[in-house]
Amino acid sequence: MKKSSGSSDVNHVSFNQDFSCIAIGTRSGFSIYNLDPIELRYNSSGEGIGRVEMLYCTSLLALVGSGDQPGSSPRKFKLWNSQNKEMICEITFPSTVLKIVLNRERVVVCLETQIHVYDLASMKCLQVLSIAPNPSGLVALSTEPSSYLVFPSGTGGGIVLYDCITLRLLSQIDAHKSPIAAVHFNSTGTILATASTSGTVIRLFAVPSGSHLCTFRRGSRPAVIYSLSFSQDSTVLAVASSSGTVHIFDVVHGMKRASHSHSSRPQSNGHPSSSESRSRSDDSRATEQSGWRDSVTTSALSYINMAQTWGMAAVGQLNVLPEPMQEFADSIRAVALARLPATALSGPFRAGIVRSVPTTADEQKGSAGDEDPGLKVVVVTPNKLMFRYAVPRNISELTSQQKIGEDFSAVECTLEDEAVLEL
């Protein structure tokens with residue numbers, strides 16, 4: 001591995017939708033790398049790039065300038081064909097573009113107080129949503145065909161779920177007590193992971209119902225959550241934080257334990273279960289809305305007001321989280337973790353889960369019945385370092401060893417590869 005200079009001109013790092021590539025925006029252009037094996041796929045020099053997002057492994061890129069040079073405006077969004085080196089469209093917004101998310105159906109541009117939803121095929125603006133101040137541009141978009149969008153509600157740790165296909169507000173979820181810090185959908189758009197500014201727990205919710213599925217306990221000390229990412233089969237969740245680690249959680253076991261615990265205890269105080277609290281039919285929306293106003297919380301009222309402001313019906317209602325002590329008892333701790341070298345900790349880093357493809361050497365060494373190389377954690381840091389760790393194969397076995405009230409040490413992931421990115 002070459003030594004890093006320590007300085008960084010990296011403005012932005014993002015994984016593509018299936019975590020097979022990573023795009024890096026710099027003060028002098030952008031680069032795209034394949035993740036397995038780690039190799040440079042595309043490089044462009046020119047104006048500074050503040051944000052770059054890929055559409056899977058296609059040549060279509062969404063670019064936003066960094067503002068470092070004249071003409072490189074952070075208010076200007078470009079849709080770029082990297083193969084033909086042609087600009088498909090260019091849109092200038094009234095304020096800085098904080099985030100872009102896209103799939104094969106929709107492009108979503110997030111400003112501090114607005115969200116613009118576009119049809120990808122025509123780049124026609126379908127909806128402009130006025131939102132609570134969102135200075136970090138925190139949004140996430142599920143893959144097609146669902147195209148669900150999530151963003152902070154502006155009320156505590158609440159989040160809003162919006163359908164970018166039907167252009168309807170689906171629900172508001174009171175996900176945390178503290179403000180939201182990170183959100184991420186799984187590959188099928190059926191599970192949403194959330195974390196707050198405290199960074200101690202990560203919660204999973206069913207989509208689009210919004211019912212609480214399970215809780216993962218990252219640690220007791222607060223930390224800044226840098227990124228959340230599911231494996232493509234949704235069996236594993238990786239959580240990168242300012243502690244310099246990437247915690248690995250067993251999603252399947254977590255949901256099974258929470259489901260078993262929920263079904264084995266009686267409902268009390270007349271509160272509905274998480275799944276019951278979200279079931280709403282379109283035919284009864286109008287009558288239910290009037291009944292909410294006398295019984296729901298301020299968060300729910302703000303949700304209804306938001307729907308009315310946007311001229312749409314509120315389809316769902318607030319979810320009901322389990323009691324704190326019960327949630328603590330049901331929560332699952334990390335089964336494994338990847339620990340970054342101290343020299344690599346220069347600021348927020350991104351981590352993603354990829355499934356390694358067997359190489360020719362692997363195939364020659366093993367027999368036809370051997371397992372594939374398994375899951376890997378790929379980490380990219382602001383000082384242009386990339387690390388790849390092997391996730392333990394026996395995740396389910398390790399998770400089953402966790403006992404409530406007993407100490408459990410997560411297994412260290414093995415560092416397999418590291419590189420300095422040539423940008």
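A polar contact of 2.9 Å joins the side chains of histidine 212 and threonine 215. This is a predicted model.

Me: What makes the link between histidine 212 and threonine 215 a polar contact?
Reply: The two side chains come to 2.9 Å. The cut-off for a pair of N or O atoms is 3.5 Å, so the pair qualifies.

Me: What does the side chain of histidine 212 reach at 3.2 Å?
Reply: The backbone oxygen of cysteine 214. Histidine 212 itself is placed in strand E20, residues 212-217.

Me: Why is histidine 212 called buried?
Reply: Its relative accessibility is 14%. Buried means under 20%, so histidine 212 counts as buried.

Me: Why is lysine 85 called exposed?
Reply: Lysine 85 has 57% relative accessibility. Lysine 85 is in the loop between strand E7 (76-81) and strand E8 (86-92).

Me: Which residues is lysine 85 in contact with, leaving aside neighbours within four places in sequence?
Reply: Tyr42 and Trp80. In each case, heavy atoms lie within 4.5 Å.

Me: Is lysine 384 buried or exposed?
Reply: Buried, because its relative accessibility is 17% and the cut-off is under 20%. Lysine 384 sits in the loop between E27 and E28. Its phi is near 70 degrees, a positive value in a residue other than glycine.

Me: Why is asparagine 383 called buried?
Reply: Its relative accessible area is 5%. That is under 20%, so asparagine 383 is buried. Asparagine 383 is in the loop between strand E27 (375-380) and strand E28 (385-390).

Me: What makes the pairing of asparagine 383 with threonine 381 a polar contact?
Reply: Their side chains come to 2.3 Å. The limit is 3.5 Å, so the pair counts.

Me: Why is serine 147 called buried?
Reply: Serine 147 has a relative accessible area of 0%. Buried means under 20%, so serine 147 qualifies. Its place is the loop between E13 and E14.

Me: What is phi of serine 147 near?
Reply: Phi is near 55 degrees. The value is positive, and serine 147 is a residue other than glycine.

Me: Where are the cis peptide bonds to proline 145 and proline 208?
Reply: One joins glutamate 144 and proline 145, with omega about 10 degrees. Proline 145 lies in the loop between E13 and strand E14 (148-152). Another runs from valine 207 to proline 208, with omega near 10 degrees. Proline 208 is in the loop between strand E19 (201-206) and E20.

Me: How many residues line the largest pocket?
Reply: There are 48, and Val13, Arg51, Glu53, Lys99 and Arg350 lie nearest its centre. The space in this pocket is about 1,200 Å³. Strands that each supply at least two lining residues include E1 (10-15) and E5 (49-54).

Me: How do the lining residues of the largest pocket divide?
Reply: They come to 27 nonpolar, 17 polar and 4 charged.

Me: What percentage of the protein counts as buried?
Reply: Of its 423 residues, 53%. The secondary structure comes to 6 helices and 30 strands.

Terms used: Residues are numbered from 1 along each chain as its sequence is written. This is a predicted model: local features need pLDDT of at least 70, side-chain atom pairs count only at pLDDT 80 or more; totals for chains, interfaces and linings use all residues. Side-chain values use heavy atoms; hydrogens and water are left out. Helices (H or I, at least four residues) and strands (E, at least two) are DSSP runs, numbered from the N terminus. Buried means under 20% relative accessible area, exposed over 50%, partly exposed in between (1.4 Å probe, protein chains only). A polar contact is a pair of N or O atoms within 3.5 Å; within protein, one must be able to donate a hydrogen and the other to accept it, and residues adjacent in sequence count only if both atoms are side-chain atoms. On a 1 Å grid over the protein atoms alone, a cavity is a set of points where a 1.4 Å probe fits but cannot get out, and a pocket is an open set with protein on both sides within 12 Å along at least five of seven lines; lining residues have an atom within 4 Å of a point. Grid points are joined across faces, edges and corners, and a volume is the space filled by probe spheres set on the points. Ala, Val, Leu, Ile, Met, Phe, Trp, Tyr, Cys and Pro count as nonpolar, Asp, Glu, Lys and Arg as charged, and the others, Gly among them, as polar.
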